[in-house]
Amino acid sequence: MLTVHHLGISQSDRIVWLCEELELPYDLVRYERDAETRLAPAEYKALHPAGTAPVITDGDLVLAESGAIIDYIVARHGDGRLTVKAADPAFARYLYWYHFANGSLMPSMMMLMAEGAAAETMRVRAERGLGALDNHFAQGHVWLAGDAFTVADIMIAFPLTTMRMFVPVDFAPYANIRNYLQRLTARPAFQRAMAKADPGLVLDL
């Protein structure tokens, strides 16, 4: 049985949401953050050498890293659903945004908590990335890959929503991103996932 080890208010929201979108059977094990440090408890860190969320187990397999977990679940349990085939004209666009979330947007946003020249560089990079994302939707795209909802949308939701509880970013200049977030969070699978993973959490949309 696929088990999602969910750390409260973390990237593992993505994995719960993916399972709900695919309507997969899965077990959900929730772990609360330390009340003082806000870090993962020792039993969560012990799940995988990385010591970070998300983590899944599937039989004897223990797997970490959001992208790796999503790729694994879609390939092994989802029959490739919520992805874009290589022959599709939207394939490159899908790949770009899928990797943009953790490869560019999250690191630049996390550096906003720091100070100094490096933080300023990352602030500019974060603003550039958010501007590009906003422009993508300004061009009429409903989802990141175009008209079809994919795992790229699941990947990017975390830095645009839950992560902002740790790194407040004002989305007032990005009307198209705000509209996109309304579409994302209105999905029934997203709402089911959040009710299970982080009940009562109020997101800044």
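**View 1. Who sits around I56.** I56 touches L2, T3, V4, H5, I15, L61, V62, L63, I69, Y72 and I73, leaving out residues up to four places away in sequence; a touch here is a contact, heavy atoms within 4.5 Å. This is a predicted model, where local features need pLDDT of at least 70, side-chain atom pairs count only at pLDDT 80 or more, and totals for chains, interfaces and linings use all residues. Numbering starts from 1 along each chain as its sequence is written, and side-chain values use heavy atoms, with hydrogens and water left out.

**View 2. The largest nonpolar core.** Such a core is a set of buried (under 20% relative accessible area, 1.4 Å probe, protein chains only) Ala, Val, Leu, Ile, Met, Phe, Trp, Tyr and Cys residues joined through side-chain atoms within 4.5 Å. This one has 59 residues, and I56 is among those with the most contacts inside it, along with W17, L18, I70, I73, I156 and L160. Elements giving it two or more residues include β1 (2-7), α1 (13-22), α3 (66-77) and α6 (151-160); helices (H or I, at least four residues) and strands (E, at least two) are DSSP runs numbered from the N terminus.

**View 3. α1 against α3.** The axes, lines fitted to C-alpha atoms over the stretch in contact, with angles from 0 to 180 degrees between N-to-C directions, lie 10 Å apart at about 15 degrees. That makes α1 roughly parallel to α3 (under 35 degrees). R14, I15, L18, C19 and L22 in α1 meet S66, I69, I70, I73 and V74 in α3.

**View 4. α3 against α6.** Here the axes come within 11 Å and cross at roughly 150 degrees, so α3 and α6 are roughly antiparallel (over 145 degrees). S66, G67, I70 and V74 in α3 meet V151, I154 and M155 in α6.

Methods. Buried < 20%, exposed > 50% of the residue type's maximum accessible area, 1.4 Å probe, protein only. Parallel < 35°, antiparallel > 145°, perpendicular 65-115°, else oblique.
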